[in-house]
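Dear colleague,

I am passing on the structure we spoke about, so that you can look at it beside the notes that follow. Please keep the view open while you read.

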Amino acid sequence: MMSVYEYFDYRKLLKDLFEEQKAQNRFFSYRTLAGMVGFTSSGFFTKILQGAVNISPQKAIAFAKAFHLTKLETRYFEKLVAFNQARTHEERRFYLEQLVALRQNKLKTLTSKEYELFSEWYFVVIREILDFYPFNGNYKELGNMLQPAIAATDARKAIDTLEELKLIRRKADGYYERTGELVNTSDSLMNVAITNFQINSSELAKDAIQNVPKEAREISTLTFSISQSTYEEIRNRLRDLRRELLELAQRETLPDRVYQVNMQLFPVTKPYNRSIGAGELLVKGKRGRKPLGLKNVSENMKMALQE
């Protein structure tokens, strides 16, 4: 008997539930399932599995009944459907936290810890700082090493999480060190976790602009008009630069501080074609937001805003 709590994709879960039922009853078919759930066409189930259509909360409950899920399993499945079909990051995060809470009651996994790893900016920073900072249990001093500083309780929470994920370990002499372990988790889970981390990292950058001396940071911005092909080229160059920076850091033999590098490239207008007009809105969120100070800037003008 398969466990529904091992899934973060309801379509894959439905496919496996059907195959399990089919193995037990060779007469069980898409048509049979369609009748149980309330679809007039058996092809609708195929479209669901292919991701061509979504299902409503009512159909989610109908599927749960068709596959004889328990009350708690049905609740998990409902949240899973809502998570996979959520349109915004806030919605995905909301439902993911509920899924993780439900999973904790049924599975002995590190799913919640994996998610928590990227929920706060200082978790990965503390892992990096152990590459050179001699930490042996003084959480207050460890917290004060970060900028901005964090509470001792937060530092302890980070150490506990990193140790449980086997990303750090305590040596025989009582000091901690990093390990070579990597976190492996589902794509759906990681996508939400990484988005959380990127949002937190952006907040760190805002703090650094105000509180870190200019000689200790490098922050600049560019605003320009480009085409889709140029966007792709810039994106590839940024990826190459990211790899080069990682290689440079890995060659470091005497590190004494941790830095955060944020690379951001995003649209601030819709695309426009002189033949067909404005293209689709590229930004999710509220409509009618105020322009970002670009109202009177000509189309071909390029601005380089640097400190």
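**Helix packing**

The helices (H or I, at least four residues) and strands (E, at least two) are DSSP runs, numbered from the N terminus.

Before going further, please bear in mind that this is a predicted model, in which local features need pLDDT of at least 70 and side-chain atom pairs count only at pLDDT 80 or more, while totals for chains, interfaces and linings use all residues. Residues are numbered from 1 along each chain as its sequence is written, and side-chain values use heavy atoms, with hydrogens and water left out.

On the α2 side Leu33, Met36 and Val37 meet Lys59, Ala62, Phe63 and Ala66 of α4, contact meaning heavy atoms within 4.5 Å. Sorted by class, the contact of α2 with α4 has 6 nonpolar, no polar and 1 charged residues, where Ala, Val, Leu, Ile, Met, Phe, Trp, Tyr, Cys and Pro count as nonpolar, Asp, Glu, Lys and Arg as charged, and the others, Gly among them, as polar.

Helix α4 (residues 57–66) also packs on helix α5 (residues 71–85), with axes that come within 9 Å and cross at roughly 140°. That angle makes α4 oblique to α5, and α4 passes α5 in a right-handed crossing. The residues in contact are Ala60, Ile61, Phe63 and Ala64 of α4, together with Thr74, Phe77, Glu78 and Val81 of α5. By class, the contact of α4 with α5 has 6 nonpolar, 1 polar and 1 charged residues.

**Buried helices**

Helix α1 (residues 10–24) has 15 residues and spans 21 Å from its first C-alpha to its last, close to the 21 Å expected at 1.5 Å a residue, the expected span being 1.5 Å times one less than the number of residues. Within α1, Tyr10, Arg11, Leu13, Leu14, Asp16, Leu17, Phe18 and Gln21 are buried, which is to say under 20% relative accessible area, with exposed meaning over 50% and partly exposed in between (1.4 Å probe, protein chains only). Among the elements that cover the buried residues of α1 are α2 (30–37), α3 (43–50), α4 and α5.

Helix α8 (residues 121–129) is mostly covered, with 7 of its 9 residues buried. The buried residues in α8 are Trp121, Tyr122, Phe123, Val125, Ile126, Arg127 and Ile129.

**Loops and backbone**

Phi of His68 is near 60°; His68 is found in the loop between α4 and α5 and is exposed, with a relative accessible area of 59%. Phi of Lys166 is likewise near 60°; Lys166 lies in the loop between α10 and β1 (168–170) and counts as exposed at 54% relative accessibility.

A cis peptide bond joins Gln147 and Pro148, with omega at about 5°, and Pro148 lies in the loop between α9 (139–145) and α10 (152–164). Asn144 belongs to helix α9 and touches Ala149 and Ile150, if residues up to four places away in sequence are not counted. The C-alpha atoms of Asn144 and Ala155, 11 residues apart along the chain, are separated by 9.3 Å.

**The chain as a whole**

The chain has 12 helices and 6 strands, and buried residues make up 30% of its 307 residues. Of the contacts in the chain with a separation of 6 or more, 59% are between residues 24 or more positions apart. Ile194, in helix α11 (residues 187–211), lies 75 residues from Ser119 in sequence and 8.2 Å from Ser119 in space, C-alpha to C-alpha. Ile194 is partly exposed, with a relative accessible area of 27%.

With best wishes

Methods
Axes are lines fitted to C-alpha atoms, for helices over the stretch in contact, and angles run from 0 to 180 degrees between N-to-C directions. Angles under 35 degrees count as roughly parallel, over 145 as roughly antiparallel, 65 to 115 as roughly perpendicular and the rest as oblique. A crossing is left-handed if the near helix is turned anticlockwise from the far one by less than a right angle, and right-handed if clockwise.
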